[in-house]
Amino acid sequence: MPAQGAGYPQGVSPLAVVIAALVLAFGASAFVWGTPILGVPIILAGLAVMGAAELGRRRQQARQLQQIRDEAKAEKVEFTPRDKETLTSD
């Protein structure tokens, strides 16, 4: 059974959600005085948290891929005589 979401779109990316939230926040802040003073640090903190989460997810994915590669190297491949015929170039 393939891994969950393998080969299929996974919906909206986190970056798209952050961009949409920023656009909505800046649009709404036009109606409230002082919002940029309070809102910008909160938005920057949110972006930092999202970036750290994305970085962690990518690192974990890279570790899993490296583990799969190491496991594949450890396995011995045995070829049948027919395989050997088709693999050699004439």
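How many salt bridges does the count come to by this rule? The count comes to three, with a salt bridge taken as a side-chain nitrogen of Lys or Arg within 4 Å of a carboxyl oxygen of Asp or Glu. The model is a predicted one, so to speak on its own terms: local features need pLDDT of at least 70 and side-chain atom pairs count only at pLDDT 80 or more, while totals for chains, interfaces and linings use all residues. Residues are numbered from 1 along each chain as its sequence is written, and side-chain values use heavy atoms, with hydrogens and water left out.

As for cover, buried means under 20% relative accessible area, exposed over 50%, and partly exposed in between (1.4 Å probe, protein chains only). Glutamate 54 is partly exposed because its relative accessible area is 21%. Arginine 57, at 41%, also counts as partly exposed, whereas arginine 58 counts as exposed because its value is 51%.

Then there is helix H3, which spans residues 81-87 and holds both glutamate 85 and arginine 82, three residues apart, or about one turn of the helix. Their closest N and O atoms are 3.5 Å apart, and the two form a salt bridge. Both residues are exposed. Back in the other group, shared partners join Glu54, Arg57 and Arg58 into one network.

Away from the charges, Phe26, Val40, Leu44 and Leu47 make a nonpolar surface patch of about 340 Å². Patches are made of residues with over 30% relative accessible area and no salt bridge, joining like charges within 9 Å and nonpolar side chains (Val, Leu, Ile, Met, Phe, Trp, Tyr) within 5 Å. The accessible areas come from the Shrake-Rupley method with a 1.4 Å probe, and for residues only the protein chains shown count as cover. Helix H2, residues 35-74, gives the largest share of the patch, with three residues. Leucine 47 has its place in helix H2, and this leucine counts as partly exposed because its relative accessibility is 33%.

Definitions and conventions
Helix = DSSP H or I, 4+ residues; strand = E, 2+ residues; numbered from the N terminus.
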